[in-house]
Amino acid sequence: AYEALVERDKQNKKAWEALAVLQERTKNPQKALAAYQALNGLEPKNIFWLQKMAALHEQLGNTAKARDTYKAVLAIDPKHAQARQKYVDLSKKMIK
């Protein structure tokens with residue numbers, strides 16, 4: 001139902017968010033990530049969505065993309081403690 005709704009109205013943030021949450025709950029991280037990426041295209045400075053994207057990238061094994069997404073959070077809010085810690089942790093992981 002949500003997929004049909006976003007097909008009809010690609011600007012509908014509530015439908016995209018509902019679709020993203022549904023995909024996360026049904027253990028479909030790739031589709032959840034795609035929905036959060038669509039949301040990010042509609043509202044690029046939304047830290048919550050960026051964090052969700054970063055976590056999903058990490059879950060999917062995309063360490064560099066996860067780190068870059070946490071960096072995007074820090075560009076918006078340099079004092080964001082969780083994003084800073086994850087960025088540092090992933091940077092260390094990439095060095096190893």
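**Exercise 1. Find how α2 and α4 pass each other, and at what angle they pack.**

Solution. Start with the handedness: the crossing in which α2 passes α4 is left-handed (left-handed means that the near helix is turned anticlockwise from the far one by less than a right angle, right-handed that it is turned clockwise). The residues that make this contact are K13, E17 and E24 of α2 together with F48, W49, K52 and L56 of α4 (contact means heavy atoms within 4.5 Å).

Next comes the geometry. The two helices pack at an angle of about 30°, and their axes are 13 Å apart (axes are lines fitted to C-alpha atoms, for helices over the stretch in contact, and angles run from 0 to 180 degrees between N-to-C directions). α2 and α4 are therefore roughly parallel to each other (under 35 degrees counts as roughly parallel, over 145 as roughly antiparallel, 65 to 115 as roughly perpendicular and the rest as oblique).

Before you go on, a note on the model: it is predicted, so local features need pLDDT of at least 70 and side-chain atom pairs count only at pLDDT 80 or more, while totals for chains, interfaces and linings use all residues. Residues are numbered from 1 along each chain as its sequence is written, and side-chain values use heavy atoms, with hydrogens and water left out.

**Exercise 2. Describe how α3 and α4 are arranged, and list the residues in their contact.**

Solution. The axes of α3 and α4 come within 9 Å and cross at roughly 150°. This angle makes α3 roughly antiparallel to α4. On the α3 side, the contact is made by P29, A32, L33, Y36, Q37, L39 and N40; on the α4 side, by W49, L50, K52, M53, L56, H57 and Q59. The crossing of α3 past α4 is left-handed.

**Exercise 3. Which residues of α3 are buried?**

Solution. The buried residues in α3 are P29, A32, L33, A35, Y36, L39 and N40 (buried means under 20% relative accessible area, exposed over 50%, partly exposed in between, with a 1.4 Å probe and protein chains only). Looking down the axis of α3, you find these residues within an arc of 160°, so they line one face of the helix (the arc is that of the directions from the helix axis to the C-beta atoms). The partners that the buried residues of α3 pack against are α2 and α4.

**Exercise 4. Compare the end-to-end reach of α5 with the expected span, then find its buried side.**

Solution. Helices (H or I, at least four residues) are DSSP runs, as are strands (E, at least two), numbered from the N terminus. The expected span of a helix is 1.5 Å times one less than its number of residues. With 14 residues, α5 reaches 20 Å from its first C-alpha to its last, close to the 20 Å expected.

Now the burial: T63, A66, T69, Y70, V73 and L74 are the buried residues of α5. They fall within an arc of 150° seen down the axis, so they line one face of the helix. K65 and A75 are exposed on the other side of α5. The buried residues of α5 pack against α4 and α6.

**Exercise 5. Where are the buried residues of α6, and what covers them?**

Solution. A83, L90 and S91 are the buried residues of α6. Their arc around the axis is only 105°, which puts them on the same side of α6. The face turned away from that side carries the exposed residues A81, K92, K93 and I95. What covers the buried residues includes α4 (47-59) and α5 (63-76).

For the pairing with α5, the axes of α5 and α6 come within 9 Å and cross at roughly 150°. The two helices are therefore roughly antiparallel to each other.

**Exercise 6. Is K27 buried or exposed, and where does K27 lie?**

Solution. K27 lies in the loop between α2 and α3 (29-42). K27 has a relative accessible area of 71%, so it is exposed. Its phi is near 60°, a positive value in a residue other than glycine.
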